[in-house]
Amino acid sequence: IKSPRTGANHDAYLMKFKQWAQTYITKKNAYTIRDWGSDGQRGVFATEDIKEGQQLLSLNWVSTLNLDIIAVEQKTFFEKMEEEVEGGLSDEDVLVLSLMMYRYCMTSDTYDLKAWVKALPADTSSFNSALYFSKQELEYLKGSPGFVHALLVQSEASELFEKLENSLFKDPYVLGVCKEHGTFTWEDFQWAHSIVSSRKIYIKSSEEERLIALVPPYIDFINHNSDPNTVIDFQEQSGMVVLTASKPIKKGEQLYLSYGTHQDCNSDFLIDYGFIDEESPKNCVNVLYEELYETIQDSDPKKNEKIFILDKVFEKEIRLKLFKGSLTEDLLKISKYLSYKQESLLEYLKGLIDLKLNHYPTRLQDDELFLLSTEYQTLSTRSQLAFKTSLQEKRILQFVKDDLQNSINDIDIKETAQPPKPKSTTKDEL
Ligand SMILES: C[S@@+](CC[C@H](N)C(=O)[O-])C[C@H]1O[C@@H](n2cnc3c(N)ncnc32)[C@H](O)[C@@H]1O
């Protein structure tokens, strides 16, 4: 693959990168990076039988893209980032900016990460994460909680870019280091943002309470499967990010990791990674704070208490989730409170599902037909992904709604089937 900007031969760099990565591979040649599917995607495949529990790759902390290594290798830039950006930058933002620096400005191949950076996908035409969605493509996500999420990611990114365009990117130090490349463009930023968003992992360190974001070279070429055959572990004492086979893997089979956290539904996958996992049994629909807030009536005497409870719940849970056939315990608990003294819990939840279904501009039945139409086939990949995400959410919501209706009917039948209470007879009747 030739880079359109530099004309660099990525395959040559990939070879170099593999040689470098080999020094960290415990069992040599157990796997390799190969093309996977269309769109220039690649994946990691076993080149021999791998045993369960076999350690596959052990990356030293300093060989991953993380804030510590940036603070050392890009010392001045790191300090400038801290100084010049008002309100500070998130870990992910620092990774994005430093990746731009590695790719466009630090031309020397002596940096460990350079071979990896040059092996990264450069053709952005197949990138489908949030920043690559046009307004028109996002229309197909309307009504989904993912729509709000995507808009938020887009507006935060463009705000940050504008801020940097007038500060950090104009800094004489940065202009000096990036002399050959020139000023950073939105396209440069978009690329780095998408790479970090789709290849980052989080690790827990006992020293810091929060999760730490990093991108682990080589491991970031492993694709996602909800039933993975490898796991990543951070061994804090030795500072190693270790990849281990969690199942036996046969020669020729692909290595898989499970991306994301338990918080992720397909709409989150789409926004961060640019794909959806249609096969996952864990597919879900996010329930947002605003949606639950909407169910609290102004006239409700318990309004303030309910809002207080909502605030408390959403302090620790970014979102609640609905799965096909199962209502999460958290949602049940909070729904029980929100339905308090108004109506039954089941009716409340059915109302909530209806509310969510009504957020979408089109109905499920029409979508099922559209999916089979030739018009659907003419849509861009991103529009199709957005459409499928919404459709899948509607299917889950309809399933849960039918389930709730059945439970409501069951209760009604039981109640009507109960023997009539013995009437107390009055003296007069006697
Ligand atoms: C960490 S990278 C994996 C390596 C990537 N395939 C490559 O060629 O560089 C994550 C990206 O791979 C793709 N990907 C990973 N798992 C996928 C899956 N199960 N289905 C579709 N695309 C997937 C998505 O484009 C995602 O943004």
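In this predicted model, in which local features need a pLDDT of at least 70, side-chain atom pairs count only at pLDDT 80 or more, and totals for chains, interfaces and linings use all residues, 12 residues of domain 1 are in contact with 15 residues of domain 2, where contact means that the C-beta atoms of two residues, placed from the backbone, lie within 7 Å. On the side of domain 1 that touches domain 2, the elements that give two or more residues are helix H6 (135-138) and helix H7 (145-165), helices (H or I, at least four residues) and strands (E, at least two) being DSSP runs numbered from the N terminus. The residues on that side of domain 1 divide into 6 nonpolar, 4 polar and 2 charged; here Ala, Val, Leu, Ile, Met, Phe, Trp, Tyr, Cys and Pro count as nonpolar, Asp, Glu, Lys and Arg as charged, and the others, Gly among them, as polar. Domain 1 covers residues 10-257 and domain 2 covers residues 283-417, with bounds that come from an automatic or database domain assignment, and the C-alpha centres of the two domains lie 34 Å apart. Residues are numbered from 1 along each chain as its sequence is written.

The protein chain holds 17 helices and 12 strands. Of its 430 residues, 32% are buried, a residue being buried if 20 or more other C-beta atoms lie within 10 Å of its own, exposed if 12 or fewer do, and partly exposed in between, with C-beta atoms placed from the backbone. Among the contacts in the protein chain with a separation of 6 or more, 73% are accounted for by residues 24 or more positions apart.

The ligand is surrounded by 14 residues, of which the closest are Arg-42, Ser-198, Asn-223, His-224 and Phe-275; a residue is near a molecule or strand if its C-beta atom, placed from the backbone, lies within 6 Å of it. Two or more residues of this shell come from each of strand S2 (42-46), helix H9 (186-199) and strand S6 (223-224). By class, the shell around the ligand divides into 4 nonpolar, 6 polar and 4 charged residues.

Strand S8 takes part in two pairings, where strands pair if DSSP finds at least two bridges between them. Strand S7 (residues 230-235) and strand S8 (residues 240-245) run antiparallel over 6 bridges, while 5 bridges join S3 to S8, again in the antiparallel sense.

| Residue | Partner in S8 |
|---|---|
| Thr-230 | Ala-245 |
| Gln-55 | Thr-244 |

In the hairpin of S7 and S8, 4 residues stand between the strands, and Gly-239 takes a positive phi near 70°. The covered face of S8 consists of Val-241, Leu-243 and Ala-245, whereas Met-240, Val-242 and Thr-244 form the uncovered face. Leu-57 lies in strand S3 (residues 55-60) and counts as buried because it has 26 C-beta neighbours inside 10 Å. The C-alpha atoms of Leu-57 and Leu-138, which are 81 residues apart along the chain, are separated by 38 Å.

The loop between strand S5 (211-214) and S6 contains Tyr-218, and Asp-220 lies in this loop between S5 and S6 as well. Tyr-218 has a phi near 70°, a positive value in a residue other than glycine. Most residues other than glycine have a negative phi. Tyr-218 counts as buried because 24 C-beta neighbours lie inside 10 Å, and Asp-220 counts as buried because it has 20 such neighbours inside 10 Å. Not counting residues up to four places away in sequence, Asp-220 touches Arg-199 and Val-215. The C-alpha atoms of Asp-220 and Leu-120, 100 residues apart along the chain, are separated by 9.4 Å.

As for confidence, the protein chain averages a pLDDT of 86, and 88% of the residues score at least 70, pLDDT being the predictor's confidence in each residue, from 0 to 100. Over residues 1-8 the pLDDT is below 50, and this stretch has 12 contacts in the model beyond near neighbours in sequence. The model as a whole scores ipTM 1.00 and pTM 0.88.
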